[in-house]
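The following exercises are to be worked with the sequence and the coordinates at hand. Each task is followed by a solution in steps.

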Amino acid sequence: MEWEFALVDVHTRDLSNEAAAVIADIGETAHVHKELLRNTVEVVTGVCDTVGAAMDDLRSTLTSTSAVVRERGMELFCAGTHPFAEWSEQKLTDAPRYAELIKRTQWWGRQMLIWGVHVHVGVSSAHKVMPIISSLLNHYPHLLALSASSPFWAGEDTGYASNRAMMFQQLPTAGLPFQFETWRQFERFVHDQKTTGIIDHINEVRWDIRPSPHLGTVEVRIFDGVSNLGELSALVALTHCLIVDLDRRLEAGEQLPVMPPWHVQENKWRAARYGLDAIIILDADSNERLVTEDLDDLLNRLEPVAESLDCAEELAAVADIPRRGASYQRQRRVAEAHDGDLRAVVDALCGELDL
């Protein structure tokens with residue numbers, strides 16, 4: 001798992017470009033990384049067998065990291081976007097690959113003031129990867145709507161539950177994956193990308209769901225930033241169960257269900273725009289349903305998988321997110337209660353990180 005955090009000043013609640021100093025204080029570690037912008041640190045787990053183990057790993061790293069951050073007059077903040085920060089005031093991390101990215105992408109690259117969560121799940125064979133990714137796209141709107149946490153951009157309410165999802169897809173090679181049927185097709189795609197100079201390394205394919213061949217995983221990058229461990233454990237459990245379920249169904253000889261790309265694209269937009277109020281397309285026959293109603297049935301179907309993966313309690317907690325309100329909904333409620341003062345939204349989000 002990879003969990004991106006912004007650094008915010010304890011007084012102004014604006015972003016602070018002090019990640020390099022924080023990482024220097026922490027020292028050399030495989031668990032805390034720098035990112036594109038100097039306002040961001042990324043907390044990374046090792047390989048974990050269960051969701052609970054992953055949460056313990058994260059909690060251990062965050063406890064020590066947050067202590068260093070607070071000593072420097074900052075707090076850890078996580079949402080898909082910061083409510084009022086200005087992208088033009090952010091500094092770039094000094095690294096050749098980041099400099100090259102901005103050189104190529106220009107204005108859109110400099111706009112990437114966004115944070116997310118990436119979840120890797122091991123898959124037993126490369127030949128299963130593309131069918132799993134294509135079928136997992138059927139559940140894209142569920143994952144995005146549950147995690148949506150970026151309604152604000154530069155002090156304005158965008159009207160979207162996840163403005164981050166719309167922003168990130170502007171980068172070349174980002175957005176929805178191509179729905180290849182075989183691993184060989186993916187290999188040809190990567191070859192073409194390298195031959196034409198679009199990428200130099202496979203990790204520059206920045207799809208919302210992508211293969212990670214060096215780890216042997218499917219990497220799910222759909223989620224907006226998540227503010228607390230409780231919601232994160234629920235979302236990770238859902239991700240783990242979905243991928244393992246698809247893997248097992250392939251193993252049993254089942255043809256996995258897929259939707260045409262135009263339905264997948266529409267579902268992404270609906271979830272980004274409407275969040276948990278999205279009416280999503282369910283299948284290739286164009287049947288539709290409210291995402292939260294479909295989520296209830298999905299959670300019931302995955303219960304046996306969760307039992308086998310020792311994450312039944314975490315999966316059940318997914319249902320608490322709509323009941324409590326997703327992050328984008330909570331943020332809007334806080335803003336309304338404080339007459340539009342978005343510093344209160346930052347306070348609320350920082351306060352949710354209960355270690």
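**Exercise 1.** Which residues does leucine 37 touch, not counting residues up to four places away in sequence?

*Solution.* The model is predicted, so local features need pLDDT of at least 70 and side-chain atom pairs count only at pLDDT 80 or more, while totals for chains, interfaces and linings use all residues. Residues are numbered from 1 along each chain as its sequence is written, and side-chain values use heavy atoms, with hydrogens and water left out.

Step 1. Locate the residue: leucine 37 lies in the loop between β2 (32-34) and β3 (40-44). Strands here are DSSP runs of E with at least two residues, helices are runs of H or I with at least four, and both are numbered from the N terminus.

Step 2. Apply the contact criterion, heavy atoms within 4.5 Å. The partners of leucine 37 are Gln90, Lys91, Leu92, Thr93, Met112 and Leu113.

**Exercise 2.** Determine whether leucine 37 is buried or exposed.

*Solution.* Step 1. Set the classes: buried is under 20% relative accessible area, exposed over 50%, and partly exposed in between (1.4 Å probe, protein chains only).

Step 1. The relative accessible area of leucine 37 is 11%, so the residue is buried.

Step 2. For the protein chain, 56% of the 355 residues count as buried.

**Exercise 3.** Compare the radius of gyration of the protein chain with that of a compact globule.

*Solution.* Step 1. The radius is taken over C-alpha atoms, and the globule rule is 2.2 Å times the number of residues to the power 0.38.

Step 1. For 355 residues a compact globule would have a radius near 20 Å; the protein chain has 19 Å, which agrees.

Step 2. Along the principal axes, the C-alpha atoms fill a box of roughly 55 × 50 × 35 Å.

Step 3. The secondary structure of the chain comprises 14 helices and 13 strands.
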